[in-house]
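Here's a quick tour of one model. Have a look at the sequence and the fold, then read on.

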Amino acid sequence: MPKQILDRARLISSYMTGKERNVVGPSALMIETTVRCNLLCPMCPRTNAGYPNEDMPDDMIYALIKEHAEMGGDHVYLYGLGEPLMDSRIFDLLSYCKSLGIGTVLSSNGSFLNAERRKKLLNAGCDHLLLGLDGATEATYSHYRVGGKYQSVVRNICALAEENAHLNNPIYVVVQFIRM
């Protein structure tokens with residue numbers, strides 16, 4: 001029986017019997033690999049908050065992922081308030097998670113999904129990709145995604161969808177709109 005299923009069974013058993021010593025580690029881990037972002041979205045807490053434009057240190061991020069895998073973690077969210085595709089390590093991090101048997105979720109504003117990055121993303125083993133478009137028209141997009149280029153992002157998303165379908169890749173892509 002796969003480790004994750006056994007862990008889930010132990011968790012349910014612990015809950016039902018009140019024996020907390022059987023509780024396994026968390027199934028999900030959220031890691032903000034970078035706080036850098038190319039946009040100044042008015043609804044984002046990062047905008048005008050004075051966050052430093054930095055990435056999480058390698059020794060910390062790789063240790064977190066390894067420990068999460070050792071604890072039986074299922075998946076890692078590799079994003080936060082920053083744009084993960086601005087982190088030059090993101091494809092290595094996705095591959096590292098895959099090598100440890102951990103599923104991955106990535107969320108991007110789509111600005112950096114050029115041909116090279118799309119290819120790397122599709123080959124790195126990302127399981128779920130959320131793409132925040134947040135505007136059905138250029139006017140709405142420009143209001144909520146300050147600094148972004150609507151037509152470019154739409155082209156990037158369409159190209160990714162075509163390439164993903166052509167490769168018959170298992171990556172699950174969601175184009176996200178936040179109701180404002």
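Where does D87 lie? D87 sits in the loop between strand 2 (75-77) and helix 3 (90-99), with helices (H or I, at least four residues) and strands (E, at least two) taken as DSSP runs numbered from the N terminus. With a relative accessible area of 1%, D87 is buried (under 20% relative accessible area, 1.4 Å probe, protein chains only). Leaving out residues up to four places away in sequence, D87 touches T33, T34, R36, D55 and L93, where contact means heavy atoms within 4.5 Å.

This is a predicted model, so to speak on its terms: local features need pLDDT of at least 70, side-chain atom pairs count only at pLDDT 80 or more, and totals for chains, interfaces and linings use all residues. Residues are numbered from 1 along each chain as its sequence is written, and side-chain values use heavy atoms, without hydrogens and water.On confidence, pLDDT (the predictor's confidence in each residue, from 0 to 100) averages 90 over the protein, and 92% of the residues score at least 70.

| Element | Mean pLDDT |
|---|---|
| helix 1 (residues 3-17), lowest | 71 |
| helix 3, highest | 98 |

Now for a helix pair. The axes of helix 4 (residues 115-124) and helix 6 (residues 150-167) come within 10 Å and cross at roughly 40 degrees; axes are lines fitted to C-alpha atoms over the stretch in contact, and angles run from 0 to 180 degrees between N-to-C directions. Helix 4 contributes R118, L121 and L122 to the contact, and helix 6 contributes N156, A159, L160, E163, N164 and L167.

How values were computed: Buried < 20%, exposed > 50% of the residue type's maximum accessible area, 1.4 Å probe, protein only.
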